[in-house]
Amino acid sequence: MIAANKNYSPQLGLCHPHTIRTSSGVGRRVTHGFRRAFHPVRAEDGDRVQNIAENDKQEINKVEETANDVNLDKEVTKFARNAATTFAPRASGATKNPAYKGSLLYTVFDVQAWVALVVGGLLSFNIIFPSDEPDIARLMGMWSIWMFTIPSLRARECTQPEKDALNLLFLAIPLANVLLPFVWKNFGFIFTADCVLLAGQPAIAFIEGLLKNRKPDYKPSVYGDKPEGIQPSSTKEIEDILVRLDGQAMEWRKKTRKEKAKVLRQCCTSLTDMAEELASLSTEHKGTYGQGIGEEYLGVIPIASYLLEVSESLESDGYMKPYKIRASPDQTQWIVDVFPTGIDTLSFGGFQGELWISPGHGVTQGHTVSNAENDDVNAPGVGLVLGAGNQYPLAILDIFHILVMQSRVVVCKMNPVNEYMGPLLRRALAPLVENGYLEFVYGGPKQGSFLVDNPLIKSIHLTGSCSTYDKILWKGKPKNGEPKCQKDVSAELGCVTPYIIVPGKWNAEDIEYHANNVVSGLVHNAGHNCLKAEVLVTDASWPQREEFLDAVRRILSSTPQRSAYYPGSEEKFNRFEKRFPECESLGKDVASEAPSGKEYGSHHPWKFQTGLDEETCHVSEENWCGVLQEVSLDRRGDSVSEFLDVASDFVNDKCWGTLSCSVFIDPRTQRKHSSEFNTFIANLKYGSICINVPGMVGFGVTKLTWGAYGDDNTCNPTPSHDIGSGNCKVHNSLLFDNVQKSVIHGPWQFHPFPYWLVSNRNTEEIGKKALEYFVHKSFKTLSGVLVAALKG
């Protein structure tokens, strides 16, 4: 049975009260002065295996108490819940909400909500009880959504994000009703505005449709300009830097968590102040293809989000409470709901982000941080970050991973591919550099080898390829016995990322939208991403398969070709064409010359090979460039459940790597096959599973983890003969321990037009407004994002 362990050690974790929630969605406040760790079912429990232990159920179901989030979210959410509860009380008592979906009471509340909406509209527009004066009937109509509709919807059983969105609407509608009369004193106008707020995504979609023909033009496309190289750091320079950093290592280690958080917040400020400069320089050398600096600007957002979230966690002594903790569908592990929270429930309506805790582990936070701060467990010193060459945000996030999760100061060796970003990053992270906690060095294999072998380096972390990991760990020797490098080497590596299309009945808009998702997953950063769409997995018997593939072709054909700037791309394109000589060449050659006349990298069309099967595809290694192969699988039977079984076997057993995957399934099919789909998600062996969104969305939500499947996310990863996609997880800003994988559920279609889609025309403005929102969350900054997004 899943039961509480009262022998939890507060010295290893945290001593704060928190809310425990089961899959029923109700919980209790734990205030015993220690945290309880919860342990999942093991097969050997035999007859004692139950959904949840009955005694735990009775204790857990006493009180529903929601979790806090960061800064504004914490206060707004708390106030909204308290206010909404006062005027729209929920069902209470020892049992769960009796207005559960499918019950008579649920139907009563549902009907009551919409009847109130209709009657309110009739009153507001003076259709019933007409009057030439602003009488009480019209006033009641104007306020009907606030007084009746929202309380009724809130009283039904609904998810916590849905309830929090209703709570926030309970505050927003009175504000609108008080302010809008200054614009137009008209009951119908104010009632309509309330309806727009209530309608949320459908209302935004409607407005978006009205503005469809008023979107801005794409910005000019220009190939990247080849950067000037940076002088490699000399051995003496590196040695001097390491000595200086080592001298500050104990100072960083001994800082309190609140003191560390203060430095991280300072970094967030300095980084966001330089966001446009960072994005502009990166775009100058990678090129721009219709979105200005928008694609690179969006890369700053997860850094800022992480810094603010992890700072809040540290200020809370390492423990920030999640929304809900529940058992997995098969009752073998815990799932922690962490996203969205607070005001994010309005900006990310329909999303749900989950951390799946490894079977055999309870739900705990802060153990890894506590161990990192323990000198007996983790020696202080200098951590080496070997920066990724494809994306500068990766290097920054890796730096903070070592500072927080290993409590070590950092030397970052920039990758020669994007070392031109180094001087700017050094300025952006000045609060760390000026205090001696961080420094940057430059060079190639010679400098890398010197750093790896230097005795002052206590640990090594890289985002890159498994070949680089093997060179560090085995030093070119056969992988037999003990590794040649005895230091802790943690890595986040690549993957043959599958995009799985679950068959269903899709309309033309569905097909266009999700073909756009697939293309965006392929072309982002010219295909030089570890989360890039590598293989499109379809059902061979899906009647709409060809229609979907045609949509992918059409969107790829209209998508600007890009410079494949990453070294080795030419060989990878040639190898793909040789393996699949009939592959299609797609894309628009719309880019002009590079500004200096020296194009950065080679120029290739997008390559698309369809009609492959399990035997003819090549999924044993990454392509790491702008190519995509489609593999159509034959079902073992006639139902969707058979396809899910076949797809699970294929991606788990045939596709190399376990970093991330994306799954696309329409709501009707998901409801009809909910049990089979839950099993499918549980069986997927990927560290990040993105449902109805491309992989970069999962990467961008930093409350989730990012890394290979499994629970090797401690700060002392075990060396591996076969490293696969890596041995550690980054992000995880709420500091949960023993996370097996993250799952993010996205809406079937998100409105306004998603910022992550390559065909978005206003990415640059959205990026700027979104960064402002994430750093200063408020209704004002959220409205700025909405206005910019509607133009996309």
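**Note on the predicted model: helices, salt bridges, surface patches and backbone geometry**

1. Helix α13 is mostly covered, with 15 of its 16 residues buried. The 16 residues of α13 (residues 300-315) should span 22 Å at 1.5 Å a residue, and the end C-alpha atoms lie 23 Å apart, which agrees. Just after α13, Asp317 takes a positive phi of about 65 degrees.

2. What does a search of the whole structure find in the way of salt bridges? The search gives 29 of them, and several deserve a separate comment. The side chains of Arg326 and Asp337 meet in a salt bridge with an N to O distance of 2.9 Å. Arg326 lies in strand β7 (residues 324-327) and Asp337 in strand β8 (residues 334-339), so this pair ties together parts that are eleven residues apart in sequence. Both Arg326 and Asp337 are buried.

3. Arg326 also forms a salt bridge with Glu354, and here the closest N and O atoms are 2.6 Å apart. This pair links distant parts of the chain, since Arg326 is in strand β7 and Glu354 in strand β9 (residues 352-357), 28 residues apart. Arg326 has a relative accessible area of 13% and is therefore buried, while Glu354 counts as buried at 4% relative accessibility; the cut-off for this class is under 20%.

4. A further salt bridge joins Glu534 and Lys532, whose closest N and O atoms are 3.4 Å apart. Glu534 is buried, with a relative accessible area of 1%, and Lys532 is buried as well, with a value of 0%. Elsewhere, salt bridges that share partners join Arg253, Lys254 and Asp375 into one network.

5. Lys505 is placed in the loop between β15 (497-501) and α21 (508-523). Is Lys505 buried or exposed? Its relative accessible area is 69%, so Lys505 is exposed, given that this class begins over 50%.

6. A nonpolar patch on the surface is made of Ile136, Leu139, Met140 and Phe148, which together have about 370 Å² of accessible area. The largest share of this patch, three residues, comes from helix α4 (residues 136-142). Phe148 lies in helix α5 (residues 144-155) and counts as partly exposed, at 39% relative accessibility.

7. Val119, found in helix α3 (residues 104-124), is partly exposed, with a relative accessible area of 35%. Val119 and Ile145 are 26 residues apart in sequence, and their C-alpha atoms are 10.0 Å apart in space.

8. Most residues other than glycine have a negative phi, and most peptide bonds are trans. Which peptide bond involving Pro340 is cis? The bond from Phe339 to Pro340 is cis, with omega near -5 degrees, and Pro340 lies in the loop between β8 and α14 (344-347). A cis peptide bond also joins His751 and Pro752, with omega about 0 degrees; Pro752 is found in the loop between β26 (739-745) and α28 (763-775).

9. Positive phi values also occur at Asn525, where phi is near 55 degrees, and at Ala526, where phi is near 60 degrees; neither residue is a glycine. Asn525 is placed in the loop between α21 and β16 (533-539), and Ala526 lies in the loop between α21 and β16 too. Asn525 counts as buried at 2% relative accessibility, and Ala526 counts as buried at 8%.

Key:
Residues are numbered from 1 along each chain as its sequence is written. This is a predicted model: local features need pLDDT of at least 70, side-chain atom pairs count only at pLDDT 80 or more; totals for chains, interfaces and linings use all residues. Side-chain values use heavy atoms; hydrogens and water are left out. Helices (H or I, at least four residues) and strands (E, at least two) are DSSP runs, numbered from the N terminus. Buried means under 20% relative accessible area, exposed over 50%, partly exposed in between (1.4 Å probe, protein chains only). Patches are made of residues with over 30% relative accessible area and no salt bridge: like charges are joined within 9 Å, nonpolar side chains (Val, Leu, Ile, Met, Phe, Trp, Tyr) within 5 Å. Accessible areas come from the Shrake-Rupley method with a 1.4 Å probe; for residues, only the protein chains shown count as cover. A salt bridge is a side-chain nitrogen of Lys or Arg within 4 Å of a carboxyl oxygen of Asp or Glu. The expected span of a helix is 1.5 Å times one less than its number of residues.
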